[in-house]
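Q: Can we go through this structure together? I'd like to start with one detail and then zoom out.

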Amino acid sequence: MGKIIAVANQKGGVGKTTTCVNLTCALKKRGRRVLLVDCDPQGNSTSGMGVDKTATPNCYDMLMNGAAAADCIRSTKYGDVLPANMNLSGCSVELVSSEQREYIMKTALAAVQDDYDFILIDCPPSLELLTINALVAADSVLIPVQCEYYALEGIADLMRSIKMCNKRLNPELTVQGIVMTMYDGRTNLSLQVAEEVKRHFPGQVYATVIPRNVRLSEAPSHGMPVLDYDPYSRGAEAYRMLAEEISAQHE
């Protein structure tokens, strides 16, 4: 049965989508069967994997119209994608009146879980019903944390949400790990933030650090992960190492 990992942080701009797209590709290159579920109305994971945002059926159809997950999935050479677009932005309001509203994604993904080794869910940067659905569906949470001053606040908020989810909706949910992103070795701040996060969350921070890298920023505009756009860049190498660490946790 595939491991479902929600990639989440209630703070925006921390590298969630970049991590989802490149980790999906890196795991696939290691021979794993991987599905990336785009649960963010911006649809950046969808376009970052080279899939047209107008593709239907999509995540909205799965959550709101009862479309089968298998019918929504698009295959790419970087991994499979369950796409999303701005239609998803109305989901949080529309789901309010649904029965078992927090469990809709869990139920839908259960039908394809055995087809994959890993299912990654790219969550929106807020605690709304879409994010709650992802946390309920997931076995664990991967937390990207930007190396900047307010980083710990973002993690603290998410940890509270995870505890709430543990108590009420998904007692099995665990923290997969914390990955430091946008690390700039030229500044003391990046180093200080990384050390502070390690001190507050001992044993939960990955050894791999994702650097600030121009190639990582350029790759999405070409509709491909950095591992194909520039496989020899520092960003590509970092995501290969992160995929190795995550794979090792499940061997």
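Q: Which side chain makes a polar contact of 2.7 Å with the side chain of Ser45?
A: That is Asp122. Keep in mind that this is a predicted model.

Q: What other polar contact joins the side chain of Asp122 to a partner, at 2.8 Å?
A: The partner there is Thr17, again through its side chain.

Q: Where is Asp122 found?
A: Asp122 sits in strand 5, which covers residues 118-122.

Q: Is Asp122 buried or exposed?
A: Buried. Its relative accessibility is 1%, and buried means under 20%, so Asp122 counts as buried.

Q: Which residues does Asp122 touch, leaving out those up to four places away in sequence?
A: Val7, Lys16, Thr17, Cys20, Leu36, Val37, Asp38, Cys39, Asp40 and Ser45.

Q: How far is Asp122 from Val193?
A: Their C-alpha atoms are separated by 24 Å. Along the chain, the two are 71 residues apart.

Q: New residue. Where does Thr131 lie?
A: Thr131 is in helix 7, residues 129-137.

Q: Is Thr131 buried or exposed?
A: Buried too. Thr131 has a relative accessible area of 3%. The cut-off for buried is under 20%, so Thr131 falls in that class.

Q: What is Thr131 in contact with, beyond its neighbours within four places in sequence?
A: Cys123, Pro124 and Ser126.

Q: Let's zoom out. How many helices and strands are there in the protein?
A: There are 12 helices and 8 strands.

Q: What share of the residues counts as buried?
A: 54% of the 251 residues. Asp122 is one of the buried residues, and so is Thr131.

Q: How does the radius of gyration fit a compact globule?
A: It agrees. A compact globule with 251 residues would have a value near 18 Å, and the protein has 17 Å.

Q: What box do the C-alpha atoms fill?
A: Roughly 50 × 40 × 35 Å, taken along the principal axes.

Q: How much of the contact count comes from residues 24 or more positions apart?
A: Such pairs account for 77% of the contacts with a separation of 6 or more.

Q: Now the surface. What does the accessible surface come to?
A: About 11,000 Å². Carbon and sulfur atoms hold 49% of that.

Q: Last one: how many positive and negative side chains are there?
A: 24 positive and 29 negative. The centres of the two sets lie 4 Å apart.

Methods:
Residues numbered from 1 in each chain as written. Predicted model: local features only at pLDDT ≥ 70, side-chain atom pairs only at ≥ 80, totals over all residues. Heavy atoms only, no water. Helix = DSSP H or I, 4+ residues; strand = E, 2+ residues; numbered from the N terminus. Rg over C-alpha atoms; globule rule 2.2 N^0.38 Å. Buried < 20%, exposed > 50% of the residue type's maximum accessible area, 1.4 Å probe, protein only. Contact = heavy atoms within 4.5 Å. Areas by Shrake-Rupley, 256 points an atom, 1.4 Å probe, with all protein chains shown as cover. Lys, Arg positive; Asp, Glu negative; His and termini not counted. Charge placed at Lys NZ, Arg CZ, Asp CG, Glu CD. Polar contact = N/O pair within 3.5 Å; in protein donor to acceptor, adjacent residues only side chain to side chain.
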